[in-house]
Amino acid sequence: MAEDNATPSSKIYDIIIFGASGFTGKYVVREALKFLNTPNSPLKTLALAGRSPSRLSEALNWASFPNSPPKIPLLTADTSDPNSLIRLAAQARIILNCVGPFRLYGQPVVSACVDAGCDYLDICGEPEFMERMEALYHEKAVEKGSLVISACGFDSVPAEIGLMFHSRHWTGPSVPNRVEAYLSLESDKRIVGNFGTYESAVLGVANADKLVELRRSRPKRARPQILGPAPPKGPIIEHQKQLGLWALKLPSADSIVVRRTLAALTENPNGLPGVNESVENANLREAFWSSVKPAHFGVKLGSKSLLGLFPVVMLGIFIGLLSKSALGRWLLLKFPSFFSLGWFRKKGPSEDEVASATFKMWFIGKGFSDSSLALQGNKKPDTEVITRVMGPEIGYLTTPIILLQCALLVLKERDNLPKGGVLTPGIVFGPTDLETRLQENGISFDFISKNTLSV
């Protein structure tokens, strides 16, 4: 067994997928097998971990089908047994954590990885968990050389990398002021959400005061300088005629993660240096960040019909009313299909439902053709840029694609990435080729238009 302070070269496994037998975990295994020992892939050794070896074996069989499963070690570990997690982290270069809700089960895994100097990526979309891990472990993670990066799934990489892609189309003297992302989920079958996402939302609303308390207890982060006026509040529901969508303003993890990335960039205008980066990489990193122009950012859920937003509105009302009491939470978690009008159910979507679903995320940016106009105070934006990110179903297809590409990047480019710390995907992966990798794996980034607005 490797010692706790094992060096990357003495680690047994490049990647351990923890929670590999869960709904999302088995799709992550299927994605990982595409890159195990293939030409040009840095992934040479893989292990699966979870509470039940028999369930891990079933997940591996499912993920390998129609091929016979490769001989991959199945390791027993449980979030209620810290020693099992310490053993896990001592053997891995990277742990991919798929065990949520993260507020209930995430911290012991982060703690074990930081102690072992092992890198950690997860698919969390829970702001309180992410910010609490930063408060508790950032300094130690820097010292131990452990990169801890949450939100390496649909939350929040399409928003982060999509916003940076969008930003690069504000060329020359033009500057964005605000960017609204409109998320449209599409399917010719029923759209069924991930129960873990639903459970996280219920617990997040139930514990909203804890996030407020955590933020009050921490030093204020630097705020990026965004030129022009603060964006108007706007209606809760709007008709976005250009896109043919009705849109509902969402409390989104994406906008919170983006804000944390922009705060980190404000504190480190050239980004974060790699632990052993080349001069060439340092130049590329600095050039990349100099092209990114910060903007106010928000996310809205879009639907082709106003009626399509009804289940989400009703779910928001039910969660708001019921999540504060133990009985209310029990009801919400016992009968997800009832309270979400069929959007969420305990057993998750069928493979057909997953395969038929796609997403489009439109970024509509409004700003100024020249930054000098933004400084005049009373000027309205005169320029609009529209870009789009598209991909397959968000929870079981897009999320594993993103998680694996982030992990492969860490394996391949570790010297060019920060030594350690609890960081957002944007500040770590922004200057890398993550966008290109996602394009090659079915997630597209498209420039749509740049227009002059009548002021």
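Student: What makes strand β1 (residues 13–18) and strand β4 (residues 92–97) count as paired?

Tutor: Two strands pair if DSSP finds at least two bridges between them; β1 and β4, which run parallel, are joined by five bridges, so they meet that condition. In β4, alanine 92 is the bridge partner of tyrosine 13. This is a predicted model, in which local features need pLDDT of at least 70, side-chain atom pairs count only at pLDDT 80 or more, and totals for chains, interfaces and linings use all residues.

Student: Why are β3 (74–76) and β13 (421–423) placed at the edges of their sheet?

Tutor: The open sheet has seven strands in the order β3-β2-β1-β4-β5-β6-β13, with parallel pairing. Each of β3 and β13 has a single partner strand, so one side of each is left without a neighbour in the sheet. Direction ignored, neighbouring strands here are turned by 20° against each other on average. Helix α3 packs on this sheet by touching β1, β2 (46–50), β3 and β4, its direction making about 125° with that of β4, where touching means heavy atoms within 4.5 Å. Helix α17 (residues 394–413) also packs on the sheet, touching β1, β4 and β5 (119–122), with its direction at about 165° to that of β4.

Student: Why is α3 called oblique to α5?

Tutor: Helix α3 (residues 82–91) and helix α5 (residues 107–116) pack at about 45°, with their axes 8 Å apart. Angles under 35 degrees count as roughly parallel, over 145 as roughly antiparallel, 65 to 115 as roughly perpendicular and the rest as oblique, so α3 is oblique to α5. Their crossing is right-handed: the near helix is turned clockwise from the far one by less than a right angle. The contact is made by Leu85, Ile86, Ala89 and Ala90 of α3 with Pro108, Val109, Ala112, Cys113 and Ala116 of α5.

Student: How do you know that α7 is mostly covered?

Tutor: A residue is buried under 20% relative accessible area, exposed over 50%, and partly exposed in between (1.4 Å probe, protein chains only). In helix α7 (residues 157–167), 11 of its 11 residues are buried, including Glu160, Phe165 and His166.

Student: Why does leucine 322 count as partly exposed?

Tutor: The relative accessibility of leucine 322 is 22%, and that value makes the residue partly exposed. Leucine 322 lies in helix α12 (residues 310–322) and touches Gly328, Arg329, Leu332 and Phe339, residues up to four places away in sequence not being counted.

Student: What makes β8 (237–240) and β14 (444–452) edge strands?

Tutor: Seven strands form this open sheet in the order β8-β9-β10-β7-β11-β12-β14, with mixed pairing, and β8 and β14 each pair on one side only. Within the sheet, strand β11 (residues 357–368) and strand β12 (residues 383–392) pair in the antiparallel sense over 10 bridges, with threonine 358 standing opposite proline 392 in β12. Helix α7 packs on the sheet, touching β7 (175–187), β10 (296–303), β11, β12 and β14, and its direction makes about 40° with that of β11. Helix α17 lies across β7, β11 and β12, running at about 100° to β12.

Notes
Residues are numbered from 1 along each chain as its sequence is written. Side-chain values use heavy atoms; hydrogens and water are left out. Axes are lines fitted to C-alpha atoms, for helices over the stretch in contact, and angles run from 0 to 180 degrees between N-to-C directions. Helices (H or I, at least four residues) and strands (E, at least two) are DSSP runs, numbered from the N terminus.
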